[in-house]
Amino acid sequence: MPDPQPLRFVIQEHHARSHHFDLRLEKDGVFKSWAVPKGVPEEQGVKRLALQVEDHDLAFGDFEGQLPPGEYGAGSIRIWDRGNYTPLEWTAHRIVFEAHGKIMVGRYTLIRFERGGPREWLLMKSRAVPATQ
């Protein structure tokens, strides 16, 4: 039996009504997506608000260009980083994954923000857990 295809992630820098970054994780044939207003944390201990948005088609992960005025998300989009990821935990309230990109490298955690609304998550770079021997 062949190995399954690796799961992809992409981060798109999006200049729309407000400048933000879109984190997209491939799952179940779509990109699960979050808008991250202040960008992906590159250091441990930094927490960033991540607003869950609608799922996107996998083909959108390759998109760079301009979305015309009047369309949802109108503005310019460029790929900031992309790569593969390994899901370590995926529940309704917590997602832990290992990112293998050029910029986004290491373990990251998305945690549903308890006091926020149903779309609000916190994104943070996590400390890697050493493998047991």
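This is a predicted model: local features need pLDDT of at least 70, side-chain atom pairs count only at pLDDT 80 or more; totals for chains, interfaces and linings use all residues.
**Overall build**

You won't find a helix: the count is zero helices and nine strands. With 133 residues, a compact globule would have a radius of gyration near 14 Å, and the chain's 15 Å agrees with that. The C-alpha atoms fill a box of roughly 55 × 40 × 25 Å along the principal axes. Buried residues account for 38% of the 133.

**How β4 pairs up**

Strand β4 has antiparallel pairings with β3 and with β9. Here they are side by side:

| Strand pair | Residues | Bridges | Example partners |
|---|---|---|---|
| β3 and β4 | 30–36 and 47–56 | four bridges | W34 and Q52 |
| β4 and β9 | 47–56 and 120–125 | five bridges | K47 and M124 |

In soluble globular proteins, nonpolar side chains tend to be buried together. In this chain, the largest nonpolar core has 19 residues, and L23, L25, F97, M104 and L110 have the most contacts inside it. Strands β1, β2, β3, β6, β7, β8 and β9 each supply at least two of the core residues.

What does F97 touch, leaving aside residues up to four places away in sequence? Its contacts include L25, M104 and L110, along with Y85, P87 and Y108.

Notes: Residues are numbered from 1 along each chain as its sequence is written. Side-chain values use heavy atoms; hydrogens and water are left out. Two strands pair if DSSP finds at least two bridges between them. A nonpolar core is a set of buried Ala, Val, Leu, Ile, Met, Phe, Trp, Tyr and Cys residues joined through side-chain atoms within 4.5 Å. Buried means under 20% relative accessible area, exposed over 50%, partly exposed in between (1.4 Å probe, protein chains only). Contact means heavy atoms within 4.5 Å. The radius of gyration is taken over C-alpha atoms; the globule rule is 2.2 Å times the number of residues to the power 0.38.
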